[in-house]
Amino acid sequence: MSDESHNYLNARKGLWSWLSTTDHKRIGIMYAIACGAFFLLGGILATFVRTELGEPGETILGQDQYNQVFTLHGVVMVFLVIIPAIPGILGNFVLPLQIGAKDVAFPRLNLASWYLFMAGAIMAVCGWLFVGKVDTGWTFYTPYSSGASNAVLWLTSAVFIAGFASIFTGLNFIVTVHKMRAPGMTWNRLPLFTWAIYATGIVQVLATPVIGITMVLLFLEKLLQIGIFDPALGGDPVLFQHFFWFYSHPAVYIMILPAMGIISDLMGTFSRQHVSGYTFIALSSVAIAFLGFLVWGHHMFVAGQSALSSIIFSMLTFLIGIPTGIKVFNWVATMYKGSVWLRTPMIYALMFLFLFTIGGLTGIMVGVLAVDVHLHDTYFVVAHFHYVMMGGALIGLIGGLHYWWPKMTGRMYNETAGVIAAILVFIGFNLTFFTQFFLGTKGMPRRYHDYSEFLEIYPEFAVLNLASTIGSYILGVGLVMILVYALYSLFRGPKATANPWGACTLEWTHTGPIPDEHNFHDTPLVTRGPYDYHLADDVFGKKTES
Amino acid sequence: MSSADTTLKHYFVSHEQQFDAAKLGMWLFLVTEILLFAGMFVAYAVYRSWHPEVFLQVSELLDWRLGALNTVVLLASSFTVALSIHFVQKGENDKVVVLLIMTLVCAAIFMVVKYFEYSGKFSHGVFPGAGFEPHGIVDGKDYSKYDIPFAPQFFSIYFVMTGIHGVHVLVGMGLFGWLTTRVARGHFSPQYYTPVELTGLYWHLVDIIWIFLFPLLYLI
């Protein structure tokens with residue numbers, strides 16, 4: 001189909017050809033390198049946090065250092081890894097290919113968004129390292145932030161700038177899906193990954209400006225003492241929380257929706273079956289995007305919000321469970337009577353199903369008013385959102401990277417190594433975070449560097465924390481192993497065929513092993529759905545073992 | 001499509017597709033602008049509903065005549081920019097240049113009026129937030145009588161909202177200057193005038209936001 005010696009990777013050479021590229025595939029790779037580096041940084045910080053908590057008493061970090069380390073861990077992981085990663089890496093690389101477009105609608109804006117992201121990222125990390133340590137937590141609640149050192153201005157400015165990167169990415173994808181689809185690529189033939197990125201784009205465009213203006217107001221609060229959020233000046237700290245969560249709760253769906261899209265594609269491909277309830281999965285993404293805007297108040301059940309608003313926010317929170325449940329049951333139904341092929345990406349898809357369901361259901365639990373009063377600010381909440389953000393979003397990302405790796409690099413990775421790493425990640429993750437559900441229900445508060453004072457009443461805190469720390473090391477080993485075999489595959493891995501998984505969507509069926517610079521020789525004419533596996537093998541190519 | 005046609009990007013099939021994509025993108029960007037200002041409008045609504053009597057009293061310090069003048073100036077500029085899009089569609093570029101310069105002049109008048117309003121306030125100690133120490137007598141109003149609780153919040157909101165709006169006006173002035181030179185150099189035709197149309201959309205939004213700011217801050 002395409003001349004193998006000529007592809008997007010070798011079409012132009014040199015560092016500048018990358019830094020000045022407007023090719024959506026290359027920008028995706030640049031996001032992958034950047035997000036990978038920040039994931040490593042955030043992971044190292046997490047290891048510090050867990051090591052400090054491994055045994056009672058002060059071990060490697062003092063009280064203030066501990067606060068600073070978990071703050072940077074949160075900021076890096078949320079704003080520099082989980083929010084940008086899937087749209088930035090896989091959305092950029094895959095979405096135009098999946099709809100048969102030559103590029104996104106605004107390629108230069110796409111490159112600009114990468115530079116904005118990098119500018120924000122460098123400001124955040126350098127501000128923290130060289131200007132002064134910030135210990136407000138990733139939420140920058142006032143009055144912590146209005147009373148903190150001026151270094152907090154670097155982080156909030158970074159969030160503002162990186163926010164625009166997110167807006168431009170989302171805007172680009174919405175326009176691309178509306179205007180750039182190949183002939184015959186109707187809305188009900190869009191792959192579910194594209195549907196999910198589209199729904200994510202809506203949330204990015206509608207929610208991110210609000211965190212932007214919140215960060216501007218916080219900036220002015222510190223610079224001019226404008227008295228909007230700072231209680232010492234007559235401002236209202238709960239107003240800050242409303243503003244903050246009006247973005248940051250929808251942001252949870254910026255993180256999880258694209259991962260859900262990846263899982264939908266993986267379920268179809270590796271069950272070799274039409275994805276059950278295609279329309280319902282597609283529209284439930286849009287429903288989640290919409291409902292996600294109506295639930296921010298559930299972060300403020302104990303912050304002095306009126307009882308009536310709390311009741312309404314609690315009820316709306318339960319509603320999110322409906323579209324989410326629709327997805328989970330349809331994924332399970334997709335596997336039913338399919339020919340499930342357990343390769344590494346599918347193992348991550350199953351892992352997602354298991355971990356995300358735990359994360360989602362515990363979310364319903366903390367959405368219950370009375371229960372939340374007990375669990376608020378405990379390790380139960382920490383465990384819950386790590387199950388959603390890591391067990392959901394990042395496991396989805398890792399599964400997606402394994403799935404599209406051959407298309408991005410033209411190489412296969414070692415399947416045995418992939419399976420072993422996946423098992424390590426699964427065991428390590430559950431050991432780290434499932435123990436924290438127990439800690440939380442017993443009342444261990446989050447953001448404490450030392451828990452020795454609780455040991456008289458709850459001696460089991462010591463062993464649970466130790467188990468959690470050991471789990472985090474196993475998780476770390478699994479993740480490092482992925483990095484090692486990925487790098488090995490990049491240089492020594494066997495060459496991939498154009499469609500090693502026998503998948504059905506355009507990026508596999510209509511491009512070479514590594515796509516051309518302009519994706520397609522001729523614009524594809526789409527005559528079938530994205531998961532029409534009931535058609536003969538020879539239409540899509542048989543799956544080939546590496 | 002001739003190879004000399006440099007206005008059609010290679011990844012689009014037709015001018016129509018390219019124009020529609022650009023316009024949809026601009027509308028989405030305007031949505032983000034509305035949400036950016038929405039945060040400040042919410043802050044206004046919250047503090048107004050908590051302290052209505054303070055807002056009522058302190059807003060007397062703003063001169064509604066200057067606000068009304070700026071409203072008229074901005075409405076006029078919206079009219080000239082709409083006409084410039086009409087004429088660029090008909091290919092009458094001479095008129096487009098004149099109309100864009102008129103728009104630019106209106107925007108400049110707006111900023112000059114804003115400058116006098118701001119400096120008048122600053123000279124009497126009316127600053128946003130903690131620097132708020134009103135003094136002196138203007139138009140028979142003793143400013144020191146307005147030093148009451150939550151008056152600083154009103155002026156914080158006033159300066160932040162009109163300040164960020166003013167930044168948008170400055171950006172618009174830059175865009176109009178850039179557009180004028182491009183029109184004069186003959187870059188646009190009835191087949192390709194996307195930047196004029198998109199800047200027009202942006203300018204109407206800047207206008208609409210002022211239409212809300214003026215009554216909320218000056219009149220009620």
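This is a predicted model: local features need pLDDT of at least 70, side-chain atom pairs count only at pLDDT 80 or more; totals for chains, interfaces and linings use all residues.
Residues are numbered from 1 along each chain as its sequence is written, and chains are lettered from A, with ligands numbered from 1, in the order in which they are written.

Me: Which pattern does chain B follow when it is read along the sequence?
Reply: Helices are DSSP runs of H or I with at least four residues, strands are runs of E with at least two, and both are numbered from the N terminus. By that count chain B has six helices and two strands. Read along the sequence, they give the pattern α-α-α-α-β-β-α-α.

Me: Which element gives the largest share of the side of chain B that touches chain A?
Reply: Two residues are in contact if their C-beta atoms, placed from the backbone, lie within 7 Å, and the contact takes 27 residues from chain B and 29 residues from chain A. On the chain B side, the elements that give two or more residues are helix H1 (15-50) and helix H5 (151-184) of chain B. The largest share, 15 residues, comes from H1(B).

Me: How far apart are the end C-alpha atoms of helix H3 of chain B?
Reply: The expected span of a helix is 1.5 Å times one less than its number of residues. Helix H3 of chain B has 27 residues (64-90), so its span should be 39 Å. The computed separation of its end C-alpha atoms agrees, at 39 Å.

Me: What covers the buried residues of H3(B)?
Reply: A residue is buried if 20 or more other C-beta atoms, placed from the backbone, lie within 10 Å of its own. In H3(B) the buried residues include B:Gly67, B:Leu74, B:Val81 and B:Phe87. What covers the buried residues of this helix includes two helices of chain B, H4 (93-123) and H6 (194-219).

Me: Why does A:Ile167 count as buried, and which residue of chain B is in contact with A:Ile167?
Reply: A:Ile167, which lies in helix H6 (residues 151-179) of chain A, counts as buried because it has 26 C-beta neighbours inside 10 Å. Its C-alpha atom is separated by 7.8 Å from that of A:Pro209, 42 residues apart along the chain. Leaving aside neighbours within four places in sequence, A:Ile167 is in contact with A:Gln204, A:Val205, A:Thr208, A:Pro209 and, from chain B, B:Thr32.

Conventions: A residue is buried if 20 or more other C-beta atoms lie within 10 Å of its own, exposed if 12 or fewer, and partly exposed in between; C-beta atoms are placed from the backbone.
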